[in-house]
Amino acid sequence: MIDNTRGILAMSASVVVFIFNDALIKLAAESVPSVQAIGVRGVFATLWCTLALLATGAWRRIAMATQPQVLLRGGLEAAAAILYLVALFHIPFAIATAVNLSTPLVLTVLAVLLLREDVRWRRWSAVILGFLGVLLVIQPRPGDVNVWTWVALIGTFVGALRDVLTHYLPRGVPTLVVSFTTAATVAIAGCGGALLEGWQPMSWEALGFIVASSLLLAMGYQLLVLALRSGAEISVIGAFRYGSILWALAIGYIVWGDVPNTLALLGIAVIVGAGLYILHRERLRR
């Protein structure tokens, strides 16, 4: 029996780190073009990964960063981020969030098709129920759906492919090397796009948000790769991405004063219940 505990813990931790990273980059993007903010964040994240490589001695295997699977994963990461960002410029945040949080559903489908995981009706039900909880929280309006929604969906699918590919990475490649390659690829893509748009000056406050965000991003990369390489079932750990909406609501309330309504509170209960049910089923299986 596969023990999914390590994967669940790493995925849950990555969700927390990534959502705080998103909040900081959102604050920075209030005064800095989004693509430029992502590019600069990628540069600093690459720096943190480089320091970690030097501190741990993993730099001795940095040549593994040129392996096709590692480079492809970095390319998929950059493509997923840019597609989602471009779509976000044209559709409401709630719609983009709903599409992005369909990742656990996409991952479950890919886990069955590509990884041949045995996903039974109980797990399908919990994943679908979790997604319905997300919809209750963000309450997207059908009239806001347009062609850019499909662009966001393509980005979500690319991100899911990235996660499945991570499962197949050679075991000899250090996780830090994978994180470094990912950060460097996003930095190159983001800075390249910013130069094409025209580089804008940044305030010290915005730069501070970006630097703090980059540190969390580097940690998030590491935790996500650890989760996906833990040997846990993708269809199980993917469902714990839904937890990001809970943290997003908390940050939205504290930073921007957003207060969830009754439907949102019901959605939170559904999401928590779906996650607890998956944990319960994993305990019974073990």
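## Lining of the largest cavity

Helix 3 contributes the most to the lining of the largest cavity, with four residues. At least two lining residues come from each of helix 2 (34-56), helix 3 (68-88) and helix 8 (175-197); helices are DSSP runs of H or I with at least four residues, numbered from the N terminus. The model is predicted: local features need pLDDT of at least 70 and side-chain atom pairs pLDDT 80 or more, while totals for chains, interfaces and linings use all residues. Residues are numbered from 1 along each chain as its sequence is written, and side-chain values use heavy atoms, without hydrogens and water.

The lining consists of Val 35, Ile 38, Ala 78, Ala 81, Ile 82, Leu 85, Val 186, Ala 189 and Gly 190. Eight of these residues are nonpolar, one is polar and none is charged; Gly counts as polar.

## Cavity count and volume

The count is one cavity of 30 Å³ or more, and the largest cavity has a volume of about 60 Å³. A cavity is a set of points on a 1 Å grid over the protein atoms alone where a 1.4 Å probe fits but cannot get out, and lining residues have an atom within 4 Å of a point. Volume is the space filled by probe spheres set on the points, which are joined across faces, edges and corners.

## Helix 7 against helix 9

Helix 7 (residues 147-167) packs on helix 9 (residues 204-228) at an angle of about 60°, with the axes 8 Å apart. Axes are lines fitted to C-alpha atoms over the stretch in contact, and angles run from 0 to 180 degrees between N-to-C directions.

Arg 162, Asp 163, Thr 166 and His 167 of helix 7 meet Leu 224, Val 225 and Leu 228 of helix 9, contact being heavy atoms within 4.5 Å. This contact has three nonpolar, two polar and two charged residues.

Notes
On a 1 Å grid over the protein atoms alone, a cavity is a set of points where a 1.4 Å probe fits but cannot get out, and a pocket is an open set with protein on both sides within 12 Å along at least five of seven lines; lining residues have an atom within 4 Å of a point.
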